[in-house]
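Here's a friendly walk through a protein structure. Keep the 3D view open and click along as you read.

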Amino acid sequence: MTEPIVRAHALAKHYGALAAVAGIDFEIEPGICFGFLGPNGAGKTTTLRMCMGLSPPDGGRLEIFGLSLPRHGRRVRARMGVVPQADNLDPDFTVEENLRIYGRYFGLRRRILDTRIPALLEFAALAERAHARTEALSGGMKRRLTLARALINDPQLVVLDEPTTGLDPQARHLVWARLEQLRARGTTLLLTTHYMEEAERLCDRLVVMDHGSILDTGTPRELVNRHVEPEVVEIRNAPAHLEGHLLDGGCRIERVGSSLYCYTRRATALIEHLRDQPGLVFLHRPAGLEDVFLRLTGRELRDT
Amino acid sequence: MNALRPPHPRAATLAVWWRNLKVWRRLLGPALAMNFGEPVLYLLGLGYGLGVFIQGMGGMPYLTFLASGIVASSAMTTASFEGMYSVFTRMVPQRTYEAILATPAEVDDIVAGEILWCATKSLVSAAAVLLVAVALGALEPRPGLLAVPAVVLLTGLAFAGPALVISALAPNYDFFNYYMVLVLTPLMILSGVFYPVETLPAAVRALVDFLPLVHAVDLARGLATDQPLDAPLRHVTVLGTYALVGAYLATVLFRRRLIR
């Protein structure tokens, strides 16, 4: 067994009466992509801040690389890369200068930066933009530059807070491809997201968080198997009488707005019945993380 | 960790300072226009305009009196503005400190780097005032002028810490108006920049003596005009105290704001 790279036990953080993180346990094996999945206000960002040593925990223990936090924050951050939720690149600098000054904060020598920066620009597909003003970059390019910047110290662990929020699909796929490349090289990734597709695609292991607690842990497949039936039929604008029929058919039903979600082990009979109803729009699909997520965290709107 | 522990800046302090220098170099044109334009306007406008009515002040031509005072007040204004508006911009809208804190650099490095940078900018603006003053004949190019930058640097340090304290407490830019109207403007008017403090009522003068600018003005004026300095040690002590206490409080308050 390899030693976990991150180890948290009964980790807690309170802001006034609010328990942002209410005593959580998790361990991250080296070389995997570990995801924190949860709605806004679940405590994901607070957990990441504690991992960076920038938020002293009120309880529990947290160790990264075998070093306890926040005490060894500097030593941990020297071996860690961070992609924050909101862009905080230096708008007055060029792409290349952003990487160079960031390297200075790590105390990296000019000679190391001279070889590392071109490689990172290549990795981020920004080589042609090296001397462009950062302000002039698109959202996707800024994200890639932020990722390249997080790699300036050749980190063993990269922490990403909602790395693709606000990106268009093309830009998002490019970021995902780079993250997969990093993991293939053996870099450990720790990311938060509320995109199911992202979690499903990238994460080897996940925790689902809400209200500061971990609701469950596992691989995406394990979580789906444990919490929801394998098949889902979504029915749009379902008439009221349909609900009774579906219940008789042994489905677990959830109503969201005007749509019905029927969770079942075998959808064949149900689908035949629905086909007989003219004008009904429905979708049959395998259950996924989104269903787990909604089941575990509820369907009410979060306005945090 | 004890939040009140003394500041412990390390090598990353210089990286923070260097970053600001690079940004400043990028925006050099407007920065220098401000540095040179302001003293030209003050010296021409006030010095010549008002100087016509004033035979001399403190034993020297009014233009000389004014120029030697503005050297010190420009150090104050420059360090204060940088420590408030620029620091707040880096802290809040640009999130520069958030980016820096994701590296081994710490809050103490950021505060120390910013204070050094504020003092550096004071040096630039005071150098511009000196050049303009010499060019206009307000000051003679005497050897004493070469010692003025040391005073300016100390003045910059004395005002940088307090400005950062205000930034650490500020919810928004408007908050800085309080400091401007309650501290900087009164200091500018009462500290002997435009007229000798000897004309102030005794009570006001006693109060002004506890504040830093009058000491900076006395030192700068004495050195720039080659006059004997009265109580130089006291001036340096007052300025140094503001610098050290300001730096300490700024560090503690920035830790409280950034490490939550």
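## Where the two chains meet

Let's start at the contact between the chains, where 26 residues come from chain B and 29 residues from chain A; contact here means heavy atoms within 4.5 Å. Chain B and chain A bury about 2600 Å² between them, with 58% of it on carbon and sulfur atoms. That buried area is the accessible area (1.4 Å probe) that two parts lose on being put together, summed over both. On the chain B side, the residues that lose the most area to chain A are B:Arg26, B:Pro104 and B:Arg260, together 25% of what that side buries.

Before going on, a word on ground rules: this is a predicted model, so local features need pLDDT of at least 70 and side-chain atom pairs count only at pLDDT 80 or more, while totals for chains, interfaces and linings use all residues. Residues are numbered from 1 along each chain as its sequence is written, chains are lettered from A and ligands numbered from 1 in the order in which they are written, and side-chain values use heavy atoms, leaving out hydrogens and water.

## What links the chains

How many salt bridges cross the interface of chain B and chain A? The rule finds five, where a salt bridge is a side-chain nitrogen of Lys or Arg within 4 Å of a carboxyl oxygen of Asp or Glu. One to look up is the salt bridge between the side chains of B:Arg19 and A:Asp90, at 2.5 Å from N to O.

There are also 11 residue pairs in polar contact between chain B and chain A, both residues being at pLDDT 80 or more. A polar contact is a pair of N or O atoms within 3.5 Å; within protein, one must be able to donate a hydrogen and the other to accept it, and residues adjacent in sequence count only if both atoms are side-chain atoms. On the side of chain B that touches chain A, the elements giving two or more residues are helix H1 (12-26) and helix H4 (96-101) of chain B. Helices (H or I, at least four residues) and strands (E, at least two) are DSSP runs, numbered from the N terminus. The largest share of that side, eight residues, comes from H1(B). Its residues divide into 15 nonpolar, three polar and eight charged.

## Chain A and its strands

Chain A comes to 11 helices and 14 strands. Of its 304 residues, 53% count as buried, and buried means under 20% relative accessible area, with exposed over 50% and partly exposed in between (1.4 Å probe, protein chains only).

Now find the open sheet of four strands in chain A, with the order E2-E1-E4-E5 and antiparallel pairing; two strands pair if DSSP finds at least two bridges between them. Its edge strands are E2 (18-28) and E5 (67-68) of chain A, each pairing on one side only. Eight bridges join strand E1 (residues 6-15) of chain A to E2(A), and A:Val6 stands opposite A:Ile28 in E2(A).

Strand E11 (residues 231-236) of chain A is worth a click too. Five bridges join E11(A) to strand E13 (residues 259-264) of chain A, running antiparallel, and A:Val233 has A:Cys262 as its bridge partner in E13(A). Six bridges join E11(A) to strand E14 (residues 281-286) of chain A, also antiparallel, with A:Ile235 opposite A:Phe282 in E14(A).

## Salt bridges within a chain

Over all chains, the structure holds 29 salt bridges. The side chains of A:Glu234 and A:Arg285 form one of them, at 2.9 Å from N to O. This pair links distant parts of the chain, 51 residues apart, with A:Glu234 in strand E11 and A:Arg285 in strand E14 of chain A. Is A:Glu234 buried or exposed? A:Glu234 counts as buried because its relative accessibility is 9%.

In chain B, B:Glu82 forms a salt bridge with B:Arg90, the closest N and O atoms being 3.2 Å apart. B:Glu82 is buried at 6% relative accessibility, and B:Arg90 is buried at 8%.

## A buried threonine

A:Thr47 lies in helix H1 (residues 44-51) of chain A. With 0% relative accessibility, A:Thr47 counts as buried. Leaving aside neighbours within four places in sequence, A:Thr47 is in contact with A:Val21, A:Ile24, A:Phe26, A:Phe36 and A:Met209.

Conventions. Nonpolar A, V, L, I, M, F, W, Y, C, P; charged D, E, K, R; others polar.
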